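Student: I have a chain open here and would like to talk through its fold. Could you walk me through it?
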Amino acid sequence: MQQQPVQSNISSHEGMLRMIFNISLQLYSSVNDCLGPLGNIKLVTKSQQINNQEELINNENNKINIHLCSDAFSILNYLQVKHPIGIIIQKLIKNIYMGCGDGTISTLCLLTSFLKETLNLILENEIKIKDIIDVYSKLTKICVEEMKKKYAINVLVNEDNEPVNLQNLTTSQKGEILKVKLKLNEKLINELTYSTLFTKIGKQCEFLQKVCIQASKALYENLTIEDLKNLQFSNYFHNIHIIPQLSIKPNAFFYKGIIIEHSIQDIEMPLYLNNCKIIMLNNIPLDLVKNKKEYHFHSAEERISILKKEREEIDSKINKIIELGVNVVISNSFIDNISLNRFAKKGIIALRHVRQDLFDMISDMVGAIKLFSLDYPIKEEYIGYSDEIKIVNDFRQAETLIYIKGKDNCRCGTIVVSCTNKFNQERYIRAIKSTLKVLRNTFEDCLIIPGGGSMDMLLATTIRKLIHSDMSHVEESVYNAFSNALENAIPATLCKNAGFNVNQVVKFKWRKLCEKENQPMTIDFKNTSEFVPTDKIGLWDSLRVKIQCLHQVIETISTLIRLDAIIIEKDWSKVKNEKINSILSDLQQEEEEKKQLEEKINEDGSSETGFKSFAHIKKNKISETHKKKIIKKEKVFYSKEMIKIRKQIEERQELNKPTSIKQDRQQQERERKLKEKGLIGYSLDPFQQ
């Protein structure tokens, strides 16, 4: 398949590097002011749906989706990135976010800052790309080791709330690591949760902080490390289900069990049951067939008899369920009103049309086996159990909430978030999901690090201390560039968003303070705007997020700075359409010219030359069938199969080029046969019948 480079003004490797930096800078500038406690909120909408300002204001059909965002990942998701370099950066950020739950702005800050320093090294200092990549990889390993061994804080505690350090275990005790139960320091986890939520939704995060901690404890606390690794394969683990609701005052609560939104169709149905026995009906409808065309009847009596027979079958199934002694029936299919009323009179809660994912979660949580038929005897082991089920009917909400409590060993829960509008609902749900991922990583790593840009400043100071007099000029330049990139990423962005002088604060005050104190220091943006230790204000970050951001950024830069050209595949469908349109336009133009000539001949009909010209036109007149043949031939010629065959033929022709007159004639004969079969280009003479 033929390929060609992108048609652009980029004529050298220097232009390619500048283009990569500019694309990264554009993405960074769209989200950089959202970082930190003084970050902004952005209103994002899809640009292709808005043609002018009037359409945005007078939108009668409500087709324009508007979102309020303060987290960078959501903003980048709503942007329409079309350039291949931008798509690579977008996928990089998505991979980090899906794995770690945070780090979008950190990744963009580091990427843009490192690209800027790398560009200066290549273009101004004329350092080879290979030397830069080697030193970057070496310094990345040093930074990761420094973060793990020197600056990471252990949050794992025992039952007496005393720190437990897994690194100090002896070799003989290594097998006991997997049996250690996970319990984290409550103070540090509270501060980490607050720091993560505050950067996304500001001071409103206080009512979500407690909920996120309760949910993470319900999922992971008191598990061993071995159980945590295998938790995703457990039947009792289904993560957290989030339900948004509207209310006057923002509020949120956590329930250890599953809450589903469901409308109650029968008034006599009980609202509370304890010690529940639950049966799960999977695709077993308990109602009359809606499509009556399935039955062929010739009279009203025959139709009534068919419906009676069907009703008797449904009643027999209901009697079988009632005889089992269950008091809760959950179905993902139909249950008609007559059946619901029968269940309600027997004191049974019956739920119909339950969403499939919730249906699966409930069956695993209560330990029930899904039934696919009621024709066979139902064993006791098919029935699930729950401590309580209650129905809460709030007139302010559109749906009723049904609370189903699971077993003690179940690892699932539900968070109900209430706020004033749907815009805030989306923000809160995104913040909760992101925070739960960060807490999951903390339970797995049991380590956190100082936040607020302090870690970047400490790492930059450590790298500068490694520079010595015996070091080569190239290596020294790369060391300085690496430390400058760390300082100009997150610390500089935080100072810029707070309105500080970046050069004065970062390079003179913050850098000197880190060299003097040799401990994590950050700016207290909320209160005094002065430098304070991070543990004093409780500002922490996830270790995994920091390591992943640094690793992925260096690997991406190592790939991008080697790019020399962008290759795109030729759009054959576009070529085919252009060819067909050009042929039809030429034919139409020729017909118009002939009509004009024919009119002129009619005016001069007695002349002999006019008669001959008219006969010539009549003979060579184009028919509609001939037009269709041309279009059909063009479509066949540009089809995928024919393109592959032509490519194979071209490759063979290049390998078997004729070396003599005899071989040249054989080649011409072969091409003639291929033209007849339509495998090689042909003449498009519109007058050839």
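Tutor: Before we start, two strands count as paired here if DSSP finds at least two bridges between them, and please keep in mind that this is a predicted model.

Student: OK, so which order do the strands take in the open sheet of six?
Tutor: The order is 7-12-11-8-9-10, and the pairing within this open sheet is mixed.

Student: And which strands stand at the edges?
Tutor: Those are strand 7, residues 257–262, and strand 10, residues 349–351; each has a single partner strand, so one side of each is left without a neighbour in the sheet. From one strand to the next, the twist averages 30 degrees.

Student: In what sense do strand 7 and strand 12 pair?
Tutor: Strand 7 pairs with strand 12, which covers residues 400–405, in the antiparallel sense over six bridges, and to give an example of the partners, Glu 261 has Leu 401 in strand 12 as its bridge partner.

Student: What about helices, which strands does helix 12 lie across?
Tutor: Helix 12, residues 356–366, lies across strands 7, 8, 9, 11 and 12, and its direction makes an angle of about 145 degrees with strand 7.

Student: Switching to the whole chain, how many helices and strands are there?
Tutor: The secondary structure comes to 24 helices and 18 strands, in a chain of 689 residues of which 43% are buried.

Student: And what share of the contacts joins residues at least 24 apart?
Tutor: Taking contacts between residues at least 6 apart in sequence, 75% join residues at least 24 apart.

Student: Last one, what does the accessible surface come to?
Tutor: For the chain it comes to about 38,800 Å², with 49% of that belonging to carbon and sulfur atoms.

Technical notes:
Residues are numbered from 1 along each chain as its sequence is written. This is a predicted model: local features need pLDDT of at least 70, side-chain atom pairs count only at pLDDT 80 or more; totals for chains, interfaces and linings use all residues. Side-chain values use heavy atoms; hydrogens and water are left out. Helices (H or I, at least four residues) and strands (E, at least two) are DSSP runs, numbered from the N terminus. Axes are lines fitted to C-alpha atoms, for helices over the stretch in contact, and angles run from 0 to 180 degrees between N-to-C directions. Contact means heavy atoms within 4.5 Å. Buried means under 20% relative accessible area, exposed over 50%, partly exposed in between (1.4 Å probe, protein chains only). Accessible areas come from the Shrake-Rupley method with a 1.4 Å probe; for residues, only the protein chains shown count as cover.
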